[in-house]
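Q: I would like to learn how to read a few features of a structure. Can we go through them one by one?

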2 protein chains.
Amino acid sequence: MAASSSRSATIRPLLTDRSDAVYQGLRRAIIEQALLPGDKLPEDAIGDSFGVSRTLVRSALTRLASEGLVEQRRNRGAAVASPSLASARDIFDVRRQLEDLAIRRLAGRLTPAQAATLRRHVERERSAAGRDGPESIRLAGEFHILLAEMTGNALLVRYIGEVVSRCSLILALYARPHSSDCAVSEHARLIEALEAGRAEEARQLMEHHIGAVQERALIERAPEGEQRLRQVLADYAQTIRGEAEA
Amino acid sequence: MAASSSRSATIRPLLTDRSDAVYQGLRRAIIEQALLPGDKLPEDAIGDSFGVSRTLVRSALTRLASEGLVEQRRNRGAAVASPSLASARDIFDVRRQLEDLAIRRLAGRLTPAQAATLRRHVERERSAAGRDGPESIRLAGEFHILLAEMTGNALLVRYIGEVVSRCSLILALYARPHSSDCAVSEHARLIEALEAGRAEEARQLMEHHIGAVQERALIERAPEGEQRLRQVLADYAQTIRGEAEA
DNA sequence: ACCCCCTTGATTGTATCCAATTTTTGCGCG
DNA sequence: CGCGCAAAAATTGGATACAATCAAGGGGGT
């Protein structure tokens, strides 16, 4: 559809947040593993897909790059970022620290409505946990974003949103697919501790939870042969990519 | 070839990071208070000043907006951000948490060379402390960025860089000018604690230091009459701006 | 046959142009 | 003299066009 004659026949949707649409679309595609780390992101092709010009695509790519989801190299185009294991560790370190702030802000201050919202979300996670698709990863991340939003701290929301995205990317790169169900119960226990005002317990739960996620990402498994592992996994990603394109 | 037609008479400096030049220039102007919160940032005028087209200016403005230094409103142009007191508190909260991570990473792990670099920087701060110009604010911020860089954590560097910039903006907005000398000695003591490996002391020093910076920003002084204070200060900024333009 | 250089094609970087929206100016009216 | 409304000017949003750069393939030389 759309198509018809030129572009004036269709009512322009809103005339601005079309760049947001590109941004959201690409972001989701990356997080849900439809686009794999290393995949090239040519401006023309993306623009054609979304029906916008390179201008808006470029804006979206720049935004994604500032969040660390894509890499932009001078005159060589953009590509889905493939974070190294070293930078993955850095990201998890920062994430731990930011989530700790969120927990301290929320412990004992959760309204019943907020708790209910969180529990509803965990329920959705639980129902998605069966199929180990990428939806699981996305929902798990959104739980943390929900927590951040409840602090009312806009900057914290932005930062946690970013690190969660990047962690999703890391998981997509390094984690084995069938392993994210236990996270659901961890989320549930976290809600309980927050609601009961047991701040220290909540902090430790979160600390342990992030640690578990990190471990799931195989980071702990390659303390030395890091370089070799990266090579292997890069090849593996290459294979999948080839299949997808064919 | 490459022709000497039209504008190619001048050797193009590097052909890409010209947008970076715009970004850096604007950023510095904002942090050093040459541009005050609320000042409009028209794309044309900026482009003329820097000798680039609106395209690159837009890119720079977007980047600055993503860091919170400018506000971009739909169809109404960009302006230097004027963070509210509420968001200022949020920013300081996040900053405390991020700086704490940096300190924990550095305590007891500072190389002699790093310590020397830091001391050299503090010396520059000391010499700039006399005149209470904006250079003082900038140098104080750069000390924290230096610390972040020494952790080797690129994400932490980026985040601390952002919050430091935004704190500079907040100080420019709310702080009285003649009050930032004591920070220098706090920086010096922090270096000592880090070098000696007294992690807990270093953490508390930093905590206290950020608290002092925050207090200097008058945030604690306006727990209630917030709205009124903002109005007053907006008027004050208006006056200064008028003088500068005349 | 292999390697190097040059040409060709694809893709990005930047400027300019048109459309759309906001803001200002000017004017008539109460 | 102030207020609302309309037209104009200024400014931004987005697309297109052109220049520059990078990746690859093809001839010629050794």
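Q: How do β2(B) and β3(B) pair?
A: Two strands pair if DSSP finds at least two bridges between them, and strands are DSSP runs of E with at least two residues, numbered from the N terminus. In this predicted model, strand β2 (residues 70-73) of chain B runs antiparallel to β3(B), with 4 bridges between them. B:R73 has B:G77 in β3(B) as its bridge partner. The hairpin has 3 residues between the strands, and B:N75 there takes a positive phi near 65°.

Q: Which strand do 2 bridges join to β3 (residues 77-80) of chain B?
A: That is strand β1 (residues 40-41) of chain B, and the two run antiparallel. B:K40 stands opposite B:A79.

Q: What does α9(B) reach from its first C-alpha to its last?
A: The expected span of a helix is 1.5 Å times one less than its number of residues; helices are DSSP runs of H or I with at least four residues. Helix α9 (residues 199-216) of chain B has 18 residues and reaches 25 Å, close to the expected 26 Å. Its buried residues (under 20% relative accessible area, 1.4 Å probe, protein chains only) include B:L205, B:M206 and B:I210.

Terms used: Residues are numbered from 1 along each chain as its sequence is written. Chains are lettered from A and ligands numbered from 1 in the order in which they are written. This is a predicted model: local features need pLDDT of at least 70, side-chain atom pairs count only at pLDDT 80 or more; totals for chains, interfaces and linings use all residues. Side-chain values use heavy atoms; hydrogens and water are left out. Buried means under 20% relative accessible area, exposed over 50%, partly exposed in between (1.4 Å probe, protein chains only).
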